[in-house]
Amino acid sequence: MLIKKYQSLREAQVTDYPLYKRRRQFIQAGLALTGAALLPAVAEAKKGSPLTGKLPGVSRNDKYQLEDPNSWEEITTYNNFYEFGTGKHDPAKRAHTLRPGPWSVTVDGEVNKPGVYQMEDIMKWNPLEERIYRFRCVEAWSMVVPWVGFSLAEMLKRFEPNSNAKYVEFTTLHDKAQMPGQRRSVLDWPYVEGLRIDEAMHPLSMMVVGLYGRVLPNQNGAPLRLMVPWKYGFKNIKSIVRIRFTDKQPRNTWAVMAPREYGFYANVNPTVDHPRWSQARERRIGQGSLFSSKQKTLMYNGYGDEVAHLYAGMNLRKHF
Ligand SMILES: Nc1nc2c(c(=O)[nH]1)N[C@H]1C(S)=C(S)[C@@H](COP(=O)(O)O)O[C@H]1N2
Ligand SMILES: [Mo]
């Protein structure tokens, strides 16, 4: 039942929806790789990236299937990506200046195999799978998203972290030409995030390269972004160019910016409020109005059975 429902939904959204949308997108010259990836006319984008359009060989991970994912449009037009502006609709309009390919990721720090890895090669390492995860932003809204990607652990193991590797730090591209929002110092660029090594190696942690079976749109963090579904949205850093293994806790951008408001752990926790608002409830994007149908936020965003052991004995008010 669930599968059937999702398939028909996916059919409509993956195939018909972007096709239907494409003319308008074209006129707006807006959403870089979304539906536009289908078009031969977007030759420029294609030239830049070998990773356009429908991703081949994506299998469904049956462990992570949720009903009623948000629509393609909701997921690709309501974003946080300050490199393209601070408004929720800015990234969809402006992220076309990002060139998601050719792309490489620099790996350094406490590893046996540092180096510069090409995205094309990274794509060959692991089979792609689709996982439908809950996604909870610190601003008390949420979505359900069919991400495509692979296990972060499988990727990190390739680099052979050594015994000093207690944390992993991720860095976003820093390029004012491609990311015009970086001309303003709203954040300390480039955007940096980090995980403890055991969090990074947890099977739920994912490297995302796609959405709804297609290449990840620029506004969602093309060509490579993190997805750690039990943490607030800001941990899920986009357009990653560097992965560094360290023995010290990384200084993640939002925690540096506003240390009272954003911590390093950022686990979804309805009992620890943000200093300026409650985290007890959330608004599911696409359901009801701004003021209606708020639902309860779940501890660890509903993934507690799988991740609570990572934080056993820790004071979650201190380590928020
Ligand atoms: N580089 C970068 N990564 C980022 C952000 C950002 O501004 N820059 N915003 C974060 C926040 S606050 C959220 S909620 C999610 C939003 O992801 P989405 O737009 O795919 O929903 O991306 C996160 N990753
Ligand atoms: Mo967020």
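**Figure 1. Overview of the predicted chain and its confidence.** The model is predicted, and the protein chain averages a pLDDT of 87, with 82% of the residues scoring at least 70. Over residues 1-51 the pLDDT is below 50, although this stretch still has 81 contacts in the model beyond near neighbours in sequence. The protein chain contains nine helices and 13 strands, and buried residues make up 56% of its 320 residues. Of the contacts in the chain with a separation of 6 or more, 72% are accounted for by residues 24 or more positions apart. The chain exposes about 14,300 Å², of which carbon and sulfur atoms supply 53%.

**Figure 2. Strand E8 and the strands that pair with it.** Strand E8 spans residues 206-211, and because six of its six residues are buried, it is largely enclosed by the rest of the structure. Strand E5, residues 141-151, pairs with E8 in the antiparallel sense over five bridges, and within this part of the view Val-148 has Gly-210 of E8 as its bridge partner. Strand E10, residues 225-227, also runs antiparallel to E8 and is joined to it by three bridges; here the bridge partner of Met-206 is Met-227 in E10.

Figure 3. Strand E9, residues 214-215, pairs with E8 in the antiparallel sense over two bridges, and Gly-210 has Val-215 of E9 as its bridge partner. For comparison, most residues other than glycine have a negative phi.

**Figure 4. The surroundings of ligand 1.** Several contacts to the ligand involve polar backbone atoms: a nitrogen atom of ligand 1 lies 3.2 Å from a backbone N or O atom of Asn-80, and an oxygen atom of ligand 1 is 2.8 Å from a polar backbone atom of Tyr-82. On the part of Asn-236, a polar backbone atom is 2.9 Å from a nitrogen atom of ligand 1. On its own ligand 1 has 540 Å² of accessible area, and the protein covers 97% of this area.

**Figure 5. Thr-77 in helix H3.** Thr-77 is found in helix H3, which comprises residues 72-77. With a relative accessible area of 18%, Thr-77 falls under the 20% cut-off and so counts as buried. A polar atom of the Thr-77 side chain lies 2.6 Å from the backbone oxygen of Glu-73. When neighbours within four places in sequence are left aside, Thr-77 is in contact with Lys-88, His-89 and Ala-92.

Figure 6. The bond from Gly-101 to Pro-102 is cis, with omega near -5 degrees, and Pro-102 has its place in the loop between helix H4 (90-94) and strand E2 (104-109). A cis peptide bond also joins Ala-222 and Pro-223, where omega is about -5 degrees. The place of Pro-223 is in the loop between E9 and E10, two strands that each pair with E8.

Figure 7. Ala-140 has a phi near 70 degrees, a positive value in a residue other than glycine, and lies in the loop between strand E4 (128-136) and E5. With a relative accessibility of 11%, Ala-140 counts as buried. Asn-301, likewise not a glycine, has a positive phi of about 55 degrees, and its place is in the loop between strand E13 (294-296) and helix H9 (304-307). Asn-301 also counts as buried, at 2% relative accessibility.

How values were computed:
Residues numbered from 1 in each chain as written. Chains lettered and ligands numbered in written order. Predicted model: local features only at pLDDT ≥ 70, side-chain atom pairs only at ≥ 80, totals over all residues. Heavy atoms only, no water. pLDDT = per-residue confidence, 0-100. Contact = heavy atoms within 4.5 Å. Buried < 20%, exposed > 50% of the residue type's maximum accessible area, 1.4 Å probe, protein only. Helix = DSSP H or I, 4+ residues; strand = E, 2+ residues; numbered from the N terminus. Pairing = 2+ DSSP bridges. Polar contact = N/O pair within 3.5 Å; in protein donor to acceptor, adjacent residues only side chain to side chain. Areas by Shrake-Rupley, 256 points an atom, 1.4 Å probe, with all protein chains shown as cover.
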